[in-house]
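This short report covers confidence, core packing and charged pairs. Please keep the sequence and the 3D view at hand.

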Amino acid sequence: MIDTLDQTKPKSGLLHHGQLWRWLLGTQPKEITNFGLLALIEKFAIWVDSLVRDPNMMGGELIFPQSRLSVRRIAARLNRGESPELILEDYPYLSPIDLAFAQLYMEIYQ
């Protein structure tokens, strides 16, 4: 079986998806495929629905609920190569899945 995570080429400056997901799940790529793509997509959709966009806050930037922290800011820190552990230390109300989904969201919708 070919591991497509290892074959994906990140955009300039982006943390390789395989690296982030391995860190997040603590698994090998073959095991990641066993989680079920539909379940992951559903979890991502629920996560996106929880985000806030208010034109009166942060200029309408997409932010995490009950904060003034933008999704773009977290994705940018990951893309610069900052460690997820450091980001979670700075923002303890975020979860590892928030980091992974923030980067994925910005890559898809940017």
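This is a predicted model. Its pLDDT averages 79 across the protein, and 68% of the residues score at least 70. Residues 1-15 have a pLDDT below 50, and this stretch has 22 contacts in the model beyond near neighbours in sequence. Where pLDDT is low, predicted coordinates should not be read in detail.

**Nonpolar core**

The largest nonpolar core has 19 residues. W47, F64, V71, I74, L94, L99 and Y105 touch the most other members. At least two core residues come from each of α4 (37-50), α5 (71-79), α6 (84-90) and α7 (96-109). The top contributor is α7, with 5 residues.

F64 shows how the packing is made. Setting aside neighbours within four places in sequence, F64 contacts W47, L51, L69, S70, V71, I74, L94, D98 and A102.

**Salt bridges**

The structure holds 4 salt bridges. Among them are these:

| Pair | Closest N to O distance |
|---|---|
| R80 and E82 | 3.2 Å |

The R72 and E61 pair links distant parts of the chain, 11 residues apart. R72 sits in helix α5, while E61 lies in the loop between α4 and α5. R72 is partly exposed at 40% relative accessible area. E61 is also partly exposed, at 24%.

How exposed are the partners of E82? R77 is buried, with a relative accessible area of 8%. R80 is exposed, at 58%. E82 itself is partly exposed, at 22%. Through shared partners, salt bridges join R77, R80, E82 and D90 into one network.

Key: Residues are numbered from 1 along each chain as its sequence is written. This is a predicted model: local features need pLDDT of at least 70, side-chain atom pairs count only at pLDDT 80 or more; totals for chains, interfaces and linings use all residues. Side-chain values use heavy atoms; hydrogens and water are left out. A nonpolar core is a set of buried Ala, Val, Leu, Ile, Met, Phe, Trp, Tyr and Cys residues joined through side-chain atoms within 4.5 Å. Buried means under 20% relative accessible area, exposed over 50%, partly exposed in between (1.4 Å probe, protein chains only). Helices (H or I, at least four residues) and strands (E, at least two) are DSSP runs, numbered from the N terminus. Contact means heavy atoms within 4.5 Å. pLDDT is the predictor's confidence in each residue, from 0 to 100. A salt bridge is a side-chain nitrogen of Lys or Arg within 4 Å of a carboxyl oxygen of Asp or Glu.
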